Amino acid sequence: MFILAAVLLATFSQHDALEAEILENSSSAFRESEDVLCIVTTMGDTLTFRDNEDPPYGLQSAMYRLVDHVPELNFWTVKVMGYEFIDWQTVNGETGEITTTIGPGIPSPDGTRLLCMNEDIHAGFNPNGIQIWVIQPDGSLELEFEDTSVPWGPRNGRWVNDTTISFIMLSYDYQAFDYSGRKSKLMLIDGMWTPPNWEEWDW
């Protein structure tokens, strides 16, 4: 428990530094207090994210850190960190709509989609998988593809172009205590996100 608390403290410190940099360059997000994060939407509403310490680093604790801002899409990413869990919230800076995703959103080159991935193949506290969200004209997100049942974790995901993403399929051998991985991709073909080989998808 004490080792985990130390790891969490180091992680929070890293995110505190990242958040401070984002807040310094923004007029729409601020800290009302040490434990309260605020985001002001274009419509004038103030969204409040309040840390919950139960006690610090307890089972029900949750801390909110602002980890990304995409000005051209007016999206914010808030990372929620707690005891053995992480959630990601994508916030529409126009409307204030909040969408919980599997990972931080990576915009496609044309700005019409978000790629979200998460890899936790070793510890397994959080789901491994991929989501692709379509950004609607009103800024809302519609889930276009999701697979969180894969036996591997995706890492180093990126957009190759507007219809192709590449990533590493990472697995962990608990007997050899070692990782292995292979390159893969998803391609948008006839309206469906498809890997090169579905048989390798469950590798």
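Is Phe75 buried or exposed, and what is its relative accessible area?

Reply: The model is a predicted one. In it, Phe75 has a relative accessible area of 5%. The cut-off for buried is under 20%, so Phe75 counts as buried.

Phe75 belongs to strand S5, which covers residues 75-82. Leaving aside residues up to four places away in sequence, Phe75 is in contact with Asp68, His69, Val70, Thr90, Val91, Asn92, Leu114, Ile135, Gly139 and Leu141.

Next, the aromatic rings. Rings pair if their centres lie within 6.5 Å, and on that rule the model has seven aromatic pairs. One of them is Trp198 with Trp201: the ring centres are 5.8 Å apart and the planes meet at 70 degrees, so this pair is edge-to-face. The cut-off behind that label is an angle over 60 degrees between the planes. Both tryptophans sit in helix H2, residues 198-201. Trp198 and Trp201 are three residues apart there, about one turn of the helix.

The two tryptophans can also be described by accessibility. Trp201 has a relative accessible area of 3% and is buried. Trp198, at 46% relative accessibility, is partly exposed. Together with Trp152 and Phe167, Trp198 and Trp201 make up one aromatic cluster.

Arg155 is placed over the face of Tyr179, 6.0 Å from the centre of the ring.

Last, the sheet. Strands S1, S2 and S3 form an open sheet in the order S1-S2-S3, with antiparallel pairing. Its edge strands are S1, residues 29-33, and S3, residues 46-50, each of which pairs on one side only. From one strand to the next, the twist averages 25 degrees. Strand S2 covers residues 36-40 and is joined to S3 by five bridges, the two strands running antiparallel. Within this part of the sheet, Val40 stands opposite Thr46 of S3.

To return to the residue asked about, Phe75 is buried at 5% relative accessible area, and its contacts include Leu114, Ile135 and Leu141.

Technical notes
Residues are numbered from 1 along each chain as its sequence is written. This is a predicted model: local features need pLDDT of at least 70, side-chain atom pairs count only at pLDDT 80 or more; totals for chains, interfaces and linings use all residues. Side-chain values use heavy atoms; hydrogens and water are left out. Rings of Phe, Tyr and Trp (its six-membered ring) pair if their centres lie within 6.5 Å; planes under 30 degrees apart count as stacked, over 60 as edge-to-face and the rest as tilted. Helices (H or I, at least four residues) and strands (E, at least two) are DSSP runs, numbered from the N terminus. Buried means under 20% relative accessible area, exposed over 50%, partly exposed in between (1.4 Å probe, protein chains only). A charge sits over a ring if NZ of Lys or CZ of Arg is within 6 Å of the ring centre and within 35 degrees of the ring normal. Two strands pair if DSSP finds at least two bridges between them. Axes are lines fitted to C-alpha atoms, for helices over the stretch in contact, and angles run from 0 to 180 degrees between N-to-C directions. Contact means heavy atoms within 4.5 Å.
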